[in-house]
Amino acid sequence: TKLPLDFKSVFLFGRLDGPLLTLEFAEITGVAVSFGYNYNLRTPQGSDIENFPLLSKEGPSTTTGNPLDMIIGNDPSSFSSWLTAQQDCYFFSIGLKADSFEIVTIEVALIFEIGGGNPKISLVGRATAILPPEATEGEKPPITFVYAELGLVATLDLSGSLIVEAQLSSNSYIMNPFCHLRGGFALCYWFGSSPYSGDGVFTIGGYHPAFKPPSYWPVPPPVGISWDLSDELHVGGEAFFAITPKVAMGGGRLYATFSAGPIYADFEAWASFLLNFKPFFLVAEIGISISVGIDIHIGLIHISFGGTIGADLYLQGPPFGGYVTVDFRIIHVTIHFGDSNSQPDPLTLEQFISAVRKAGLTDAPADGTIPPHPETDPGDASAKPDLVALVLSAGAATDAIKKYAVAGEIGRASCRERV
């Protein structure tokens, strides 16, 4: 946006390091304030909170001792990377840093923003936990069992959204620095004048692979662990859970890989479910796979021996049915059970509209009844409503496709819905 010739802006930042105040449960070791006039401060996401300058106690890595480097430097954690000149945009922040029991260190900043007629309140924080506590000077450092860094961003936009995100940093580990922790969660709700009013989501670790979230939903990384036990052996696992107004889902997997010279082996176990609320429909899967083998190279000759054994259970319903698949190298067996090809009962038109419409998308009454056509006299029996074709999708997508018939007084329609 082109700024006027007489445009003026002001940015102030101050920080005082301590220790400053000692309480029974914590020690305040730093405070900071900032103010921006005709400046917009970009709110971080969980993935880039490590570079947010209001939480950076030591400043950018390129700092040469000059405080201006924190403001006009080229480092990702300098204020120049986070501030944008903008007319009629103001913000104020206050932050502090505290240590508790020498185990947890918390840095937090509370930010008030006014600009474009949409006031926002944001809470940005970072917590670092180490267990057992770090050794004091002169003592032998203990073996660290847990080291975790968690960044959190909570933003309340008074125009219609509440978004809370948190994510573990790449420095987190448990038991061993090579045993990395990862993952995040998100809690979102849209209200008021937001175009997504009435929508919301809570997720830990992301979503089902077959579910495609809307573009405005955050996508946190799976909650998991990755451990290099040695040069030959690697183990790990990950999990996710999410619930929305229309679906719920969860799952996880464990895996291990081994490779020593020509010998290799792999193990994987997984489970997941995807539940659609209206109409009620469940898709679940659980399986296991084990592979072993040997690769021999003699000059230009390559000899490989190996095999894989696995089993997979797939379930869907109601009415419930599914199949079991067993793999053993070249043998592939699939056993079907239950009712795997039936369709749910057709929805009435009122049930269909209630199930798929979003709040604010239509002015249909809450009881699901359909208002009369604006150009039609309700008392005129000869009046015919216009023919309206709607293509709607709801729920989640998987490889299983179901067809739902919708019956109503003004006609019939069918909807292919991936669930």
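This report covers the nonpolar cores and some backbone features of a predicted model.

**Nonpolar cores**

In soluble globular proteins, nonpolar side chains tend to be buried together. Here the largest nonpolar core has 15 residues. Leu-41, Phe-52, Leu-54 and Val-124 are the ones with the most contacts inside this core. At least two of its residues come from strand E3 (83-100), and at least two from strand E4 (104-115). Another core, of twelve residues, lies apart from this one and includes Cys-188, Tyr-207, Trp-217 and Val-247.

Leaving aside neighbours within four places in sequence, Leu-41 is in contact with Phe-52, Leu-54, Trp-82, Leu-83, Phe-91, Ile-111 and Glu-113.

**Backbone features**

Most residues other than glycine have a negative phi, and most peptide bonds are trans.

| Cis peptide bond | Omega | Location of the proline |
|---|---|---|
| Lys-278 and Pro-279 | about -5° | loop between strand E15 (263-276) and strand E16 (281-298) |
| Gly-317 and Pro-318 | about 5° | loop between strand E17 (301-317) and strand E18 (321-328) |

A positive phi, near 60°, occurs at Asn-38, and Asp-88 also has a positive phi near 60°.

Asp-88, with a relative accessible area of 44%, is partly exposed.

Terms used:
Residues are numbered from 1 along each chain as its sequence is written. This is a predicted model: local features need pLDDT of at least 70, side-chain atom pairs count only at pLDDT 80 or more; totals for chains, interfaces and linings use all residues. Side-chain values use heavy atoms; hydrogens and water are left out. A nonpolar core is a set of buried Ala, Val, Leu, Ile, Met, Phe, Trp, Tyr and Cys residues joined through side-chain atoms within 4.5 Å. Buried means under 20% relative accessible area, exposed over 50%, partly exposed in between (1.4 Å probe, protein chains only). Helices (H or I, at least four residues) and strands (E, at least two) are DSSP runs, numbered from the N terminus. Contact means heavy atoms within 4.5 Å.
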